[in-house]
2 protein chains.
Amino acid sequence: MPGVTLTGEEQVVIVLYPGFTALDAVGPHYMLASMMGATVHLLATTPGADAVPSDLGLAVQPTGDLGGAPDRIDVLLVPGGSGGAAEAAADPVLLAGLSELGSRAGLVAGVCTGTLLLGAAGLLRGRRATSHWVARHLLARHGAEPTDQRVVTDGHVITGAGVTAGIDLALAIVARLRGDGYARALELQAEYAPRPTFGTGTPELAGEQLTGVMRDLFAPLVESLSAAAPGHRFVG
Amino acid sequence: MPGVTLTGEEQVVIVLYPGFTALDAVGPHYMLASMMGATVHLLATTPGADAVPSDLGLAVQPTGDLGGAPDRIDVLLVPGGSGGAAEAAADPVLLAGLSELGSRAGLVAGVCTGTLLLGAAGLLRGRRATSHWVARHLLARHGAEPTDQRVVTDGHVITGAGVTAGIDLALAIVARLRGDGYARALELQAEYAPRPTFGTGTPELAGEQLTGVMRDLFAPLVESLSAAAPGHRFVG
């Protein structure tokens, strides 16, 4: 395939914190780990953890912890977490770790409420960025410009909307690292020709009534994320 | 929301075998575990395993093993595995276990090459079913009717195409168990309004050249799946 880099040695770091959303991490993991020659590190924020529990229970075994990140980081990716993002965003040690990794990563990527963690770590200042629709506005508190798109690229910062957007985000990363042809091949490999059954995947598509119900359901989450994100508190 | 069952007590079993594809399991897990009140069991085919390694390395911690399946099973779901499905399909003990669970499950579901495991366990005879595009034709060896659709429902048997189709499959299951309104809400929760970057997710969309490249790449996998699927060998 012309214009395609078939193999490489990219070092990818995916951060796992208690209460992360497994699909936010595993969607991108599929695409990034399918790049021949790349190494994907699953790094726990809790040193020595055997497994990191996600917000819906499924636990993933880390390959190491944040302290064991590789010297070279081509991609840093942070998943969201309906159970854990707010707590993580209020943890200064965790944010300092993210800030350090992000400052030396070739690409900084976040999915869903994971983008708020990037923001709290000071990695989104002045950047256009997206997040889950219910929490996107909170990005402004971190000096980012909330942008209503599924995948937003601003320089070396790439962010994705809620949960399933991680798959689209990762394809954009693959295209950037290996060329469009490689990403086209991975779409076919993953048979990624999605057919949402109901077509209600955004507030605009879902309409006011359903969106209102879900907004009410997520109000406590937004409240806790909001409380954990008082502007430029941590990184000045 | 009218016509929606807000809570329930469904017992869901997702089978984890060494070399499974994590996204095949985690996509559906997200949707099924988001059903309030439902319990999702992640059952390893290897008794006593601390974690089950997937084909791309990421390992998931099981909640038990096949021997510890609940008495009532509302959904049995089997993921595919480019590294492990062929080996699993040649393991008579594993197939006997799947056959037993499937015979008493309310819904029997498979994603990607996981549908070939259902076939090898004798659970697809006379059923319309789908699988990953590269291996779909092999379903005929198990007495199923290969069907070129992303999600195929035939009675209590629901099958999905390659990898990412597990998300669509799971939404169909949620709609069946909890009503369309619940599934609509989960589409919005997961912000499932996918935008494949390149639109090459099926052989028809990708065209002959790219499909040929990927078919060559997967030829050894299809060969091994083929060798592990000599018709009605196991379940007579």
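**Entry 1: B:Ala33**

I started with B:Ala33 in this predicted model and looked up its relative accessible area, which is 17%. Buried means under 20%, so I noted B:Ala33 as buried. B:Ala33 belongs to helix α1 of chain B, which runs over residues 22–33. Next I asked myself: what does B:Ala33 touch, not counting residues up to four places away in sequence? I found A:Leu56 and B:Val40, and I was pleased to see a residue of chain A turn up there. I also checked a distance: the C-alpha atoms of B:Ala33 and B:Gly212 are separated by 37 Å, and these two residues are 179 residues apart along the chain.

**Entry 2: how the two chains are related**

I then superposed chain B on chain A. A rotation of 180° does it, with 0.0 Å of shift along the axis and an RMSD of 0.0 Å. The two copies are thus related as by a two-fold rotation axis. Which residue of chain B comes closest to that rotation axis? I found B:Val60, whose C-alpha is 2.3 Å from the axis.

**Entry 3: where the chains meet**

I went on to the interface. Chain B gives 58 residues to the contact, and chain A gives 58 residues. Together the two chains bury about 5300 Å², and 70% of this is on carbon and sulfur atoms. I noted three residues by name: B:Leu188, B:Glu191 and B:Phe198 supply 16% of the area that chain B buries against chain A, more than any other three residues.

Do the copies meet through the same surface or through different ones? I saw that 100% of the interface residues of chain B are also interface residues in chain A, so the copies meet through the same surface.

For polar links, I counted 34 residue pairs in polar contact between chain B and chain A. Two salt bridges cross the interface. In my notes I wrote down A:Arg136 with B:Glu191, a salt bridge whose closest N and O atoms are 2.7 Å apart. On the side of chain B that touches chain A, several elements each supply at least two residues, among them α1, α5 and α8 (208–227).

**Entry 4: helix α5 of chain B**

At 1.5 Å a residue, its 14 residues should span 20 Å, and its end C-alpha atoms are 20 Å apart, which agrees. How many of the 14 residues of α5(B) are buried? I found 11, so the helix is largely enclosed by the rest of the structure. Among the buried ones are B:Ile167, B:Leu171 and B:Arg178.

Most residues other than glycine have a negative phi, so I stopped at A:Cys112, where phi is positive, near 55°. In chain B, B:Cys112 also has a positive phi, about 60°. A:Cys112 lies in the loop between β7 and α4 of chain A, and A:Cys112 is buried at 5% relative accessible area.

A:Thr113 lies in that loop too, between β7 (105–111) and α4 (114–120). A:Thr113 is buried, with a relative accessible area of 5%. Where does the side chain of A:Thr113 reach? I traced it to the backbone nitrogen of A:Gly81, at 2.9 Å. Beyond its neighbours within four places in sequence, A:Thr113 has contacts including A:Gly80, A:Ser131, A:His132 and A:Leu225.

How values were computed
Residues are numbered from 1 along each chain as its sequence is written. Chains are lettered from A and ligands numbered from 1 in the order in which they are written. This is a predicted model: local features need pLDDT of at least 70, side-chain atom pairs count only at pLDDT 80 or more; totals for chains, interfaces and linings use all residues. Side-chain values use heavy atoms; hydrogens and water are left out. Helices (H or I, at least four residues) and strands (E, at least two) are DSSP runs, numbered from the N terminus. The expected span of a helix is 1.5 Å times one less than its number of residues. Buried means under 20% relative accessible area, exposed over 50%, partly exposed in between (1.4 Å probe, protein chains only). Copies are superposed by least squares on the C-alpha atoms of residues with pLDDT of at least 70 in both. Contact means heavy atoms within 4.5 Å. A polar contact is a pair of N or O atoms within 3.5 Å; within protein, one must be able to donate a hydrogen and the other to accept it, and residues adjacent in sequence count only if both atoms are side-chain atoms. Buried area is the accessible area (1.4 Å probe) that two parts lose on being put together, summed over both. A salt bridge is a side-chain nitrogen of Lys or Arg within 4 Å of a carboxyl oxygen of Asp or Glu.
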